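This report describes the sheet of one protein model and the helices that go with it. Please look at the sequence and the structure first.

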Amino acid sequence: MSLETVSEQKCFGGVQGVYRHQSTSTGTEMEFAVFQPEAARHKPLPVLFYLSGLTCTWENATVKAGAQQYAVEHGLILVFPDTSPRGEGVANDEAYDLGQGAGFYLNATEAPWAPHFRMEDYVVKELPGLIANNFAADIDRLGITGHSMGGHGALTLALKNPDLFKSLSAFAPIVSPINCPWGQKALNSYLGEDVSKWGQYDACTLIDTVGWAHDILVDQGAADNFLETELLPDLLVRACGRRNVPLTLRMQEGYDHSYYFIASFIGEHIAWHAERLKK
């Protein structure tokens, strides 16, 4: 599949690029960003997907997280997908937590979302091959992380695809959308009122049903305004405890939900993924 180069800039000796293509999953044009360290000119490198949160595009993390310097240090390619399909003819909602910018990394089954909101297929089935075919990427060594809605996506997509994703972490993830307002609104809209269909996109339910053979790293700001209403990390602790999944949950005192929080700990996450992907 052909890629259009939107932009490329030199960054920490490597290349930060933005690319556009016609997606077979969403039926729309999609943009994503890739950072390639200079070392990618000489050999294929492991890959880390970073999934962004509500209202975000690929741009938020590439500009605000400061991840590129750590990717150079540890020899990883970083991939930043968009958070939803976009454009004319794509369903949307006036609220920030539904529609364009709020794809929740699932495959919608309900109107008007079903034709284009297929972000699970996009991230799992389409994007890995696209990266492998167009960049110096060793897609057999693929990890995933994300923030908030993107943390939910990282958890659920990894749990459902353990042969694809070899390492897993998250920043302030929505761990149980079945049990929070953001998630209930999205799952009801995208999947319908049958709650039995929601568990396939709930990390705590998936840990109970399919488990996870590796360890998980989660950072959560203790001063996060969404902690008690939307994020509910204690539910993830309990689910991992029931299935003996090794979870490191680090409650970071004084940190909120912003990219200041992510930038403070992204280097540790990249080092953590690199250690596991290079074994």
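Lysine 10 has valine 15 of β2 as its bridge partner. The two strands involved, β1 and β2 (residues 14–22), pair in the antiparallel sense over 7 bridges; two strands count as paired if DSSP finds at least two bridges between them. Helices (H or I, at least four residues) and strands (E, at least two) are DSSP runs, numbered from the N terminus.

The model is predicted: local features need pLDDT of at least 70, side-chain atom pairs count only at pLDDT 80 or more, and totals for chains, interfaces and linings use all residues. Residues are numbered from 1 along each chain as its sequence is written, and side-chain values use heavy atoms, with hydrogens and water left out.

An open sheet of mixed pairing is formed by 9 strands, in the order β1-β2-β3-β5-β4-β6-β7-β8-β9. Because β1 (4–11) and β9 (247–252) stand at the edges with a single partner strand each, one side of each has no neighbour in the sheet.

Helix α4 (residues 149–160) is mostly covered, with 11 of its 12 residues buried. Buried means under 20% relative accessible area, exposed over 50%, and partly exposed in between (1.4 Å probe, protein chains only). His152 and Leu155 are among the buried residues of α4.

| Helix | Packing partners of its buried residues |
|---|---|
| α4 | β4 (45–51), α3 (119–134), β6 (137–146), β7 (167–171), α6 (203–210) and β8 (216–221) |
| α5 | α7 (227–231) |

Just after α5, glycine 192 takes a positive phi of about 100 degrees.

Notes. Contact means heavy atoms within 4.5 Å.
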